[in-house]
Amino acid sequence: MKISTKKGDGGYTSTLGGERIPKHHLITEAVGAIDEANSLLGLARASAEDKKIQRIILHVQKDLFVIGAQLSFADGKGRKQKKQISDLSVRWLERLVNELEEVLSLPPGFVAFGGEISASQMDVARTGVRKAERIAVRMQSEGLLENPDLLKYLNRLSDLIFLLAAYEENSGRERKKISLSSLSVQLSDSVFRKWFIVGGFVVISLVMVLSLLLIFHRPSTDTMSEMMNMHMQEGMHKK
């Protein structure tokens, strides 16, 4: 795959819809802000030691790729991608936010992170998401944003990242209390959904096979009666 195409040397770039727009265009600004937030989240994920936190951030990064693609189609041209940010994604973030809020002891007012490098990097990523959200709001005000769930997602995401930063800043008992069970019920990820469906088919198939074996291999009533009579006759002969 060739990286350098030289097509952007004149200050223009192409959207996923095929439209050539200047690099200072609002769509380019929005896609660039999402790209920046994604990179900052990657740095935060690399510094997080908790595997659950890493999985959450990785899932969010994949969602941001989808958001970037949606924003690139904001000119209304070209074929829209199949995967979209939906209410399901927003509700997943909300479940995680609610769970973290219940167990974390947050101080009142503003929080100055800095006790842990991972918490500070998470907080920097939060500012990147806020920046992307502000540009997305500008797009909405100019009629370039069709999906309302996209703005909701970015808004909830900054809340989640703030709480993840607080999680990284805390240690000991509070960390042990957090199970992040909402992660296990997320079905919007295509890979997880695929294996969930495959597993369901396997279980159903096994149940059907066992049922058929029981039906065809179970001795009939007549056969059981004959066997009992034979045993009785053998007993009488022995006597």
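The model is predicted, so local features need pLDDT of at least 70 and side-chain atom pairs count only at pLDDT 80 or more, while totals for chains, interfaces and linings use all residues. Residues are numbered from 1 along each chain as its sequence is written, and side-chain values use heavy atoms, with hydrogens and water left out.

The protein chain has eight helices and two strands. Helices (H or I, at least four residues) and strands (E, at least two) are DSSP runs, numbered from the N terminus.

**Overall fold**

- Along the sequence, the elements of the protein chain run β-β-α-α-α-α-α-α-α-α.
- The protein chain has 239 residues, and 35% of them are buried. Buried means under 20% relative accessible area, exposed means over 50%, and partly exposed is in between (1.4 Å probe, protein chains only).
- Among contacts in the protein chain with a separation of 6 or more, 74% join residues 24 or more positions apart. A contact means heavy atoms within 4.5 Å.

**Helix H1 against H2**

- H1 (residues 26–47) packs on H2 at about 170°, and their axes are 9 Å apart. Axes are lines fitted to C-alpha atoms, for helices over the stretch in contact; angles run from 0 to 180 degrees between N-to-C directions.
- H1 and H2 are therefore roughly antiparallel. Angles over 145 degrees count as roughly antiparallel, under 35 as roughly parallel, 65 to 115 as roughly perpendicular and the rest as oblique.
- On the H1 side, the contact includes Ile27, Ala30, Val31 and Ile34; on the H2 side, it includes Gln54, Ile57, Leu58 and Val60.
- By class, the contact of H1 with H2 has 14 nonpolar, six polar and one charged residues. Ala, Val, Leu, Ile, Met, Phe, Trp, Tyr, Cys and Pro count as nonpolar, Asp, Glu, Lys and Arg as charged, and the others, Gly among them, as polar.

**Helix H2 against H5**

- The axes of H2 (residues 51–72) and H5 come within 12 Å and cross at roughly 155°.
- H2 and H5 are therefore roughly antiparallel to each other.
- Their crossing, H2 with H5, is left-handed. That label applies if the near helix is turned anticlockwise from the far one by less than a right angle; clockwise gives right-handed.
- H2 residues in this contact include Ile53, Ile56, Asp63 and Leu64, and H5 residues include Leu150, Tyr153, Leu157 and Glu168.
- The contact of H2 with H5 has 14 nonpolar, one polar and two charged residues.

**Helix H4 against H5**

- H4 and H5 have axes 8 Å apart and pack at an angle of about 170°.
- H4 is therefore roughly antiparallel to H5.
- The contact of H4 with H5 divides into 14 nonpolar, four polar and seven charged residues.

**Aromatic pair**

- The structure holds one aromatic pair. Rings of Phe, Tyr and Trp (its six-membered ring) pair if their centres lie within 6.5 Å; planes under 30 degrees apart are stacked, over 60 edge-to-face and the rest tilted.
- Phenylalanine 113 and phenylalanine 162 have ring centres 5.6 Å apart and planes at 70°, so the pair is edge-to-face.
- Phenylalanine 113 lies in the loop between H3 (87–103) and H4 (117–141), and phenylalanine 162 in H5 (residues 148–169), so the pair ties together parts 49 residues apart in sequence.
- Phenylalanine 113 is buried, at 15% relative accessible area, whereas phenylalanine 162 is partly exposed, at 25%.

- Aspartate 63 lies in helix H2. Its relative accessibility is 3%, so aspartate 63 counts as buried.
- Aspartate 63 contacts Ile85, Trp92 and Tyr153, leaving aside neighbours within four places in sequence.
- Aspartate 63 and asparagine 38 are 25 residues apart along the chain, and their C-alpha atoms are separated by 9.5 Å.
- Valine 66 is also in H2. At 11% relative accessibility, valine 66 counts as buried.
- Valine 66 and glutamine 84 are 18 residues apart in sequence, with 6.6 Å from C-alpha to C-alpha.

**Valine 90 in H3**

- Valine 90 sits in helix H3. With 1% relative accessibility, valine 90 counts as buried.
- Not counting residues up to four places away in sequence, valine 90 touches Asp149, Lys152, Tyr153 and Arg156.
- Valine 90 and asparagine 155 are 65 residues apart in sequence and 9.3 Å apart in space, C-alpha to C-alpha.
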